[in-house]
Amino acid sequence: MILTPHVAGTETTKYCAVGYCFGASFVMDLAAEGLVEAGTLAHPAFLDESHFEKFDGPLLLSCAEDDFTFLVESL
């Protein structure tokens, strides 16, 4: 087995984040602070309009049709 050293990012490295359920708000916060370039949310919970107002980048949402933790009115 060949072990490779851990390579840290550079100034040109771009990161993305994935959040499931309660993790969705953390992804939105990271993106709002410019720490990630893109985000993916699966079964997002307890987000509101303010989360989306601060987000400026590509975002993939994977949502259930009926979900009491993420209402359509949130968008």
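The model is predicted: local features need pLDDT of at least 70, side-chain atom pairs count only at pLDDT 80 or more, and totals for chains, interfaces and linings use all residues. Residues are numbered from 1 along each chain as its sequence is written, and side-chain values use heavy atoms, with hydrogens and water left out.

**Aromatic pair**

- One aromatic pair (ring centres within 6.5 Å; Phe, Tyr and the six-membered ring of Trp) is found in a search of the whole structure.
- The pair formed by F22 and F46 is stacked, because the ring planes lie at 20°, with the centres 5.7 Å apart; stacked denotes planes under 30 degrees apart, edge-to-face over 60 and tilted the rest.
- F22 belongs to the loop between β1 (16-20) and α1 (23-32), and F46 to the loop between β2 (38-42) and α2 (49-53), so the pair ties together parts 24 residues apart in sequence.
- F46 is partly exposed, at a relative accessible area of 49%.

**Fold**

- The protein chain contains two helices and three strands, taken as DSSP runs (helices H or I, at least four residues; strands E, at least two) numbered from the N terminus.
- Along the sequence, the pattern is β-α-β-α-β.

**Burial and surface**

- Buried residues make up 27% of the 75 residues of the protein chain.
- The protein chain exposes about 5,700 Å², of which carbon and sulfur atoms supply 60%, by the Shrake-Rupley method with a 1.4 Å probe.

Key
Buried means under 20% relative accessible area, exposed over 50%, partly exposed in between (1.4 Å probe, protein chains only).
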